[in-house]
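Subject: Handover of a structure for your review

Dear colleague,

Please find below the structure that I am passing on to you. My findings follow it.

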Amino acid sequence: MTSNLPDPANRLQPAGSTPSIWLHRYAVFVAVCTALLVFAGGLVTSTGAGLSVPDWPLSYGMLMPPMVGNVRFEHGHRMVATTVGMLTIVLAVWLQRREPRAQVRRLGWLALGAVVLQGLLGGLTVLLLLPTPVSVAHASLGQTFFCIVVSLALLTSPGWRRATPRSGGASQLRKLALLLTAVVYVQLIAGALMRHSGAGLAIPDFPLAFGRVVPPFESTEVMVHFAHRVLAACVFVAAVATGIHALRHHRGERRLLAPALLLFYLVLIQIVLGGFAIWTQKAVVPTTLHVLNGALILATSLVLTLRSFRLLQPQAHIRQLEPQLREQVVT
Amino acid sequence: MKFAVRVACVAFLTALVGWGCGGGGGDSSDQGGSSAPASSAGGSSSAGASHAASGATATLMGKVNLAGAAPERNPLKMTADPACAQQHEDMPALAQDVIVNDQGMLKNVFVYVKNGLEGHEFDTPEEPVVLDQKGCVYTPHVIGMMVKQDLKILNSDPTLHNIHALPKVSGNKEFNLGMPRQGMEFSKTFENPEVMIRIKCDVHPWMASYVGVLPHPYYAVSGDDGGFRIADLPAGEYTIEAWHERYGTQAQTITVGDSPNVEVSFTFQSTGS
């Protein structure tokens, strides 16, 4: 059984206040730029360019060093990061001025704080000569920042504001999507740990590991690498379960079905890219695309999670809110 | 008197062999023939000097051979930096990891006394060891130096480099310095022995150099003809190790006695391309 009701979240919205469609479009633009930033960051690691510019915040004491050799990747990453930082300032200010929901405004400022901290971590990891914990923190915070910006793009969309919660069969997809997002996030941290600890080729074959299902754990690098593969299997299982559940129970809801199916395909692509990263001895293109696609998987699972929480309310909760919501609609 | 004559003869023969092998002094790298470290002649302390005074020193010399087919030296792709590529327009620079001459002799092997000098102390040479960045390659590719000796790093290229040392022994500090202008120089030292410390340029990924840091001056790097020469080695029993960046290490035990020359050779096995 399902029932369509007014959006409880819209109660936070003052009457007559309509966030600009341009604000949403701008948030989407910032999200796309952030995806490019993730790609540029992946490129730095894939090309081994992380220390090609030894100083920070300047580059060889200059704002714009000669773009030669690996400086192109490291300084290019810094330029994209600076641009995204500037865009995030504008986004936070714009949200503060036009966004009626306090939580969304706070999320804008959180994005700004995250991007500033991310810049500092990036500088720190260069000055400290890429210590693994700092580099992994930099990579993980980058994914977190991407999640915040994607959330802002989603929360400011007209579709989000128009969405009406339904009841019935709600909890399972919400749980599945949330679990998937959590596993993907942990997997991205494991991937960052693998990359930054030099364990990317610790297991040189794929899909087997040293010709076996479980490799001999002779070094920490092998363990870190294998943990990434085990988590990849967990992500795959969670993505398949989520996709099947969406197909069986939410076939008519495109906003849930589309990200669920997209996730399945992205995870398949990710596994193939991971294989190519190993078969090509970490060639730059497949390895960097593996990083970018990982971020897209996280963003898609987050979108699915947020939408499932938005669109699917537990029946008891709907019943509890019903009188209040109907009264609000009447007034 | 007889003793003085014997010392003079040993010194004369040593100088003759050194001259004949083309070593004898400063450069341990790109000259044809054998090579000897600058410090091997004058870096010995009183311990070494007392051995020399007694006449019980020898010159260790030999050659390093590569068995099997040598891998082809691939041209280095320098197109990512036009300033590098322009310096090799006439003839492309070739990979430096395995350099073998027509006779199968292997260049850039670091040969040194690994064991046998424990308890001796040696003065640190005042003159620095020079590592140049020229033509977007390191010159020399393999170099030896003593603990706390200055490593003078030059940038002779009309482009920027970073110089990134990657020691693994505790007490030797990793460093990463920017050298954006032609003619810049830095000096660095290493506090502890380490064979070998990799030095690389993260801007130009093909650039790598290896530095052997030792507490004594008894080391050499094989030259174009695969030859090496370590002079003034006191009498005793030693483990001599040869290190190559691709083929790893080999060790031999030798005894230095009355003979003024000791020959030792190493053969590394090619692993194909």
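A polar contact is here a pair of N or O atoms within 3.5 Å; within protein, one of the two must be able to donate a hydrogen and the other to accept it. Please also note that this is a predicted model.

With that in mind, I begin with Asn155(B). Its side chain reaches the backbone oxygen of Thr159(B) at 3.1 Å. Asn155(B) lies in strand β6, which covers residues 151-155 of chain B. Is Asn155(B) buried or exposed? Its relative accessibility is 1%, so Asn155(B) counts as buried. Leaving aside residues up to four places away in sequence, Asn155(B) touches Asp132(B), Gln133(B), Leu160(B), His161(B), Met179(B), Arg181(B), Gln182(B), Gly183(B) and Met184(B).

Turning to chain A, there are 10 helices and two strands, arranged along the sequence as α-α-α-α-α-β-α-α-α-α-β-α. Of its 331 residues, 51% count as buried. Chain A exposes about 15500 Å², and carbon and sulfur atoms supply 69% of that area. Among contacts in chain A between residues at least 6 apart in sequence, 76% join residues at least 24 apart.

Ile297(A) provides a case from within this chain. The residue is found in helix α9 (residues 284-311). Buried means under 20% relative accessible area; Ile297(A) has 4% and is therefore buried. Its contacts, not counting residues up to four places away in sequence, are Val184(A), Leu263(A), Leu266(A), Val267(A) and Gln270(A). For Leu263(A), 34 residues from Ile297(A) along the chain, the C-alpha separation is 6.2 Å.

Next, the interface between the two chains. The size of an interface is often given as the accessible area lost when the parts come together. Chain A and chain B bury about 1200 Å² between them, with 66% of this on carbon and sulfur atoms. On the side of chain A, the residues that lose the most area to chain B are Tyr60(A), Val68(A) and Leu129(A), together 44% of what that side buries. In terms of contacts, 13 residues of chain A meet 18 residues of chain B. How many salt bridges and polar contacts are there between chain A and chain B? The count of salt bridges is zero, while five residue pairs are in polar contact, both residues being at pLDDT 80 or more.

Over all chains, the count comes to nine salt bridges, including the following:

- Arg101(A) with Glu99(A): the closest N and O atoms are 2.7 Å apart, and both residues are buried.
- Glu253(A) with Arg255(A): the N to O distance is 3.0 Å. Glu253(A) is buried at 11% relative accessible area, whereas Arg255(A) is partly exposed at 29%.
- Lys63(B) with Asp225(B): the N to O distance is 3.6 Å. This pair links distant parts of the chain, 162 residues apart: Lys63(B) is in strand β1 (residues 57-67), and Asp225(B) is in the loop between β12 (219-221) and β13 (227-234). Lys63(B) is partly exposed at 37% relative accessible area, and Asp225(B) is buried at 17%.

Yours sincerely

Definitions and conventions
Residues are numbered from 1 along each chain as its sequence is written. Chains are lettered from A and ligands numbered from 1 in the order in which they are written. This is a predicted model: local features need pLDDT of at least 70, side-chain atom pairs count only at pLDDT 80 or more; totals for chains, interfaces and linings use all residues. Side-chain values use heavy atoms; hydrogens and water are left out. Helices (H or I, at least four residues) and strands (E, at least two) are DSSP runs, numbered from the N terminus. Buried means under 20% relative accessible area, exposed over 50%, partly exposed in between (1.4 Å probe, protein chains only). Contact means heavy atoms within 4.5 Å. Accessible areas come from the Shrake-Rupley method with a 1.4 Å probe; for residues, only the protein chains shown count as cover. Buried area is the accessible area (1.4 Å probe) that two parts lose on being put together, summed over both. A salt bridge is a side-chain nitrogen of Lys or Arg within 4 Å of a carboxyl oxygen of Asp or Glu.
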